[in-house]
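This report describes a protein chain for a reader who has not seen it before. Please look over the sequence and the structure before reading on.

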Amino acid sequence: MVALWVILGIVVLVILWVILLFNGLVRKRNVADEAWSGISVQLKRRHDLIPNLVATAKGLSEHEKTLMESVTAARAAKTVAEVNKAEAGLSAALRGFVATVEAYPQIKADQGFMNVMSSLSELENDIQMSRRYYNGAARDFNTSIQVFPANLFAGMLGFSKYDFFELENPEEAKNPQVQF
């Protein structure tokens, strides 16, 4: 009879531990999801701001077209890998656009253009902070599902690893030189 109570006690403890494990993983997954949402918000702001930048620099049709196509592709991206790839293309197109604009003093001197560029610079900093926050949340979640003994149950409970938001090309890490 005592052995039955001991076994029953162990089963109850294991069930309570699995419940606590599940709830902890759900909390960490929600933090990572919220962090990804923060990146999405910042990227949407970026995608909305770039057409304003283009509108203030009319006459650069080829770069304007490339940049707008990149914005469209970036808006369509959903997964971390798709967003990484689309944002890499958008960053490259934006660097080319800014480099071309620098050759036109009348555009660089325009107050509207300067305001949009200033907003874009602030936004790029916000995006960088959002990416770092997401990567930290993803790291914490991934660690939680990979450590023993949680790794024995995480897969069975439906938890899988989050991808990190990474640069595909080291050139992307370089900030474009913006000079007015």
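## Basis of the report

The model is predicted: local features need pLDDT of at least 70, side-chain atom pairs count only at pLDDT 80 or more, and totals for chains, interfaces and linings use all residues. Residues are numbered from 1 along each chain as its sequence is written, and side-chain values use heavy atoms, with hydrogens and water left out.

## Overall fold

The protein chain has 6 helices and 0 strands, in the order α-α-α-α-α-α from the N terminus. Helices (H or I, at least four residues) and strands (E, at least two) are DSSP runs, numbered from the N terminus.

Of the 180 residues of the chain, 34% count as buried. Buried means under 20% relative accessible area, exposed over 50%, and partly exposed in between, with a 1.4 Å probe and protein chains only. Among contacts (heavy atoms within 4.5 Å) between residues at least 6 apart in sequence, 79% join residues at least 24 apart.

## A feature from the record

An unreviewed UniProt entry places the feature "transmembrane region" at residues 6-26. UniProt positions are given in the numbering used here, feature names are shortened, and annotations may be inferred rather than shown by experiment. Over residues 6-26 the chain is 100% helix and 0% strand, with the end C-alpha atoms 30 Å apart.

## Aromatic rings

A search of the whole structure finds 5 aromatic pairs. Rings of Phe, Tyr and Trp (its six-membered ring) pair if their centres lie within 6.5 Å; planes under 30 degrees apart count as stacked, over 60 as edge-to-face and the rest as tilted. One of the pairs is formed by Phe141 and Tyr162, which are edge-to-face at 5.0 Å centre to centre with 80° between the planes. This pair links distant parts of the chain, as Phe141 is in helix α5 (residues 111-146) and Tyr162 is in the segment after α6 (150-154), 21 residues apart.

Phe141 is buried, with a relative accessible area of 0%, and Tyr162 is buried at 15%. Ring pairs link Phe22, Phe141, Phe159 and Tyr162 into a cluster.

Ala138 is found in helix α5 and counts as buried at 0% relative accessibility. Leaving aside neighbours within four places in sequence, Ala138 is in contact with Ala32, Tyr162, Asp163 and Phe164. Ala138 and Phe165 are 27 residues apart in sequence and 9.2 Å apart in space, C-alpha to C-alpha.

Ser130 also lies in helix α5 and is buried, with a relative accessible area of 14%. Not counting residues up to four places away in sequence, Ser130 touches Gly38, Ile39 and Gln42.

## A cis peptide bond

Phe148 and Pro149 are joined by a cis peptide bond, with omega about 5°. Pro149 is in the loop between α5 and α6.

## The second largest pocket

The second largest pocket holds about 150 Å³ of space. Its lining consists of Trp36, Ser40, Leu43, Lys44, His47, Ala74, Arg75, Ala77, Lys78 and Val83. Helices α1 (2-56) and α2 (61-76) each supply at least two of the lining residues, and α1 gives the most, with 5. The lining divides into 5 nonpolar, 2 polar and 3 charged residues.

On a 1 Å grid over the protein atoms alone, a pocket is an open set of points where a 1.4 Å probe fits, with protein on both sides within 12 Å along at least five of seven lines; lining residues have an atom within 4 Å of a point. Grid points are joined across faces, edges and corners, and a volume is the space filled by probe spheres set on the points. Ala, Val, Leu, Ile, Met, Phe, Trp, Tyr, Cys and Pro count as nonpolar, Asp, Glu, Lys and Arg as charged, and the others, Gly among them, as polar.
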